[in-house]
Amino acid sequence: MAAVQGGLVDADEDKDIKTEPSSDGWGNNNANDGRLLSPSPGSSSSAGSNKTVAGAPEDQQTLLAVLQFLRKNKLTESVEILRREAGLPEDSLELKGTDSSGAGSGGAAGSVDLEGGDASSLLSRVTISSSAGAQAPTKAAAGEDQPDVNVVLSAYSQQGDPALYQVYYSGLKRFIETVLDCHRAELSQVFYPLFVHMYLELVYNNHESEAKAFFEKFSGDQECYYEDDLRVLSSLSKKEHMRGNETLLDFRTSKFVLRISRDSYQLLKRHLQERQNNQIWNIIQEHLYIDIFDGMPRSKSQIDAMSGSLAGEAKREANKAKVYYGLLKEPEIELPLDDEDEEAENEEGKPKKKKPKKDSMGSKSKKQDPNAPSQNRIPLPELKDSDKLDKIMYMKEATKKIRLGPDNLPSICFYSFLNAYQGLTAVDFTDDSSLIAGGFADSTVRVWSVTPKKLRKVKSAADLNLIDKESDDVLERIMDEKTASESKILYGHSGPVYGISFSPDRNYLLSSSEDGTVRLWSLQTFTCLVGYKGHNYPVWDTQFSPHGYYFISGGHDRVARLWATDHYQPLRMFSGHLADVTCTRFHPNSNYVATGSSDRTIRLWDVLNGNCVRIFTGHKGPIHALAFSPNGKFLASGATDGRVLLWDIGHGLMVGELKGHTDTIYSLRFSRDGEILASGSMDNTVRLWDAMKAFDDLETDDFTAATGHIHLQDNSQELLLGTYMTKSTPVIHLHFTRRNLLLAAGAYNP
């Protein structure tokens, strides 16, 4: 799993990558590659491959750096004592000075630059040299939440002649443009990460004019989907700008992943060897992770479909873990048949004879889904009597469900919020479609009843004592008729409410806000029960588990958190995204959570152990909508790029691309039987797609699963079943009722 914790690559993972044998085909960062290319005497790759030899001189280098530091601060007595104890000759410090200034184009890894500015940058350079020699950062450095900015940036101090950067890059560009077409598309992937790292190296070493010229000359060659990143990059024109920039730290601390066939990789390596182009080779060795596969090179369209994320594609091994995507066995609750609908039920093929209710939640069904997790893999709440009654209602409704398909599209009922003045930020419906809630920019949450039944609060404690608790209609008697109204307003947040979610039993409502909290509201008393504090920044989304009790939240701090309603602290923290977690979604079996992010990736997390088990790349903008298919096998995602991507969770592959929307997709929902996928967008439309056809046409054979890519059909128009325009209302939420009527919601934008 390629988890990036707090922006610093996990040391163990780094070590694994670099020590793998070259025949394995997973990574290129092995010692053989370092030896095959004769690197310049002081380059970091040679320090890495000659690990055993470099041990003693490296200690000496650190010692000399400390002596330099002491001497610079006029601590001459300490210098003398330390030098005598270490047994160094008197002229060692002078020698060191000449070495460092004449280090040449490679620049010794960790050489101490006498003109190197302040003490902190001096020490940071020593730190980076020792980590390069050991091939993995020390645990002490990796254990911190935030990487030391100086340590992270100082890797750029190993630099060549600034005037040659354009020559190196142009040379590589010319070479890639002349190779065979089949290799060109794959090798072109190298351009973007190389461009960024070479530019940052120039900026870090105070070559501002060369950096500007380099940027202006080559930024236009980069793929259009990196436009936003390049805009951020262009604002970093001085070394001082680099220190607090999060985007830059992410780029530096997470290796950019490229998936390249073995033939293409050998071509690139041979070219760099022949040209002795160590500058580019060092960047490839240090900052890129090349995921090599055996087989035919990928086409431009296949590469474009998967690229676009902040840190390149996902490594193939990141999607190899077993995922139990099957559904949990439903508890067996027999329908008690009422006299009046016995006849109707009989038409549906149900037996006439009344049977007592049977509750055998733990019993195994005859056909257990092999892909389903065990019932007790994670502790789930027990079914209460009210839940069982609700299940019975659900089963009765399901018998009246309309079977949807290309020839039988759902009706769509649109709820327009008027006079919201663009203040509507989140919407949710209860599963039984009886309530609708809206989160607003004025910090309020409003709940409406969609049925004629009005919203009522529970009576006060004094009044409850007067009620006959044994009466049949006790649940009605506890409600206070004086409080009945069509809507209720919930006050408590101190910032816009960005996420909202009803509990499956309709007793609770969750809301997440810019104020960094998630609040749990009672729909019996319409008061706030708990404020969950864990995020330090705005919380963009929250969602209840399909089984209740658990919920997930994600926010600007790049971490998704798993909570239980009765715990103040999160149970799990899912850390790995390189930017805001913008949307969260539970898998139907509650064992997994999907998160979408501004880093343009989707991750699937295992609730049991907190591991990331899938990383999906392919979107070209922040992801704002996720939806699991009812059978748990597939995931749909929507983003600011206006594309809906379909993913096979079991194989870890992208299996479809639905193009048609012209603006950000904010809502996705599968129909109850999974036949149809509905998407809602800021382009004021709802579109319906033939999900069954999209998934049935798949051929995920062994070859595609092994190489990690699939040929996507460009059949969006065939799969599009209908487009429904609103007058001027962006669609921010979709919901299929139990009978497969589609409800949509948004705020009218005059």
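Helices (H or I, at least four residues) and strands (E, at least two) are DSSP runs, numbered from the N terminus, and two strands pair if DSSP finds at least two bridges between them. Thr584 has Thr595 in β21 as its bridge partner.

This is a predicted model, in which local features need pLDDT of at least 70, side-chain atom pairs count only at pLDDT 80 or more, and totals for chains, interfaces and linings use all residues. Residues are numbered from 1 along each chain as its sequence is written, and side-chain values use heavy atoms, with hydrogens and water left out.

I then traced the open sheet of four strands and read the order β20-β21-β22-β23, with antiparallel pairing. β20 (581–586) and β23 (612–617) are at the edges with a single partner strand each, so one side of each has no neighbour in the sheet.

Of its 45 residues, Leu172, Phe195, Phe214, Leu233 and Ile284 touch the most other members. Helix α12 (residues 191–204) gives the most to this core, 11 residues.

I listed the contacts (heavy atoms within 4.5 Å) of Phe195 beyond its neighbours within four places in sequence; among them are Tyr169, Phe214, Gln222 and Leu233. A second, separate core of 20 residues includes Phe616 and Leu635.

Methods:
Core = buried A, V, L, I, M, F, W, Y, C linked by side-chain atoms within 4.5 Å. Buried < 20%, exposed > 50% of the residue type's maximum accessible area, 1.4 Å probe, protein only.
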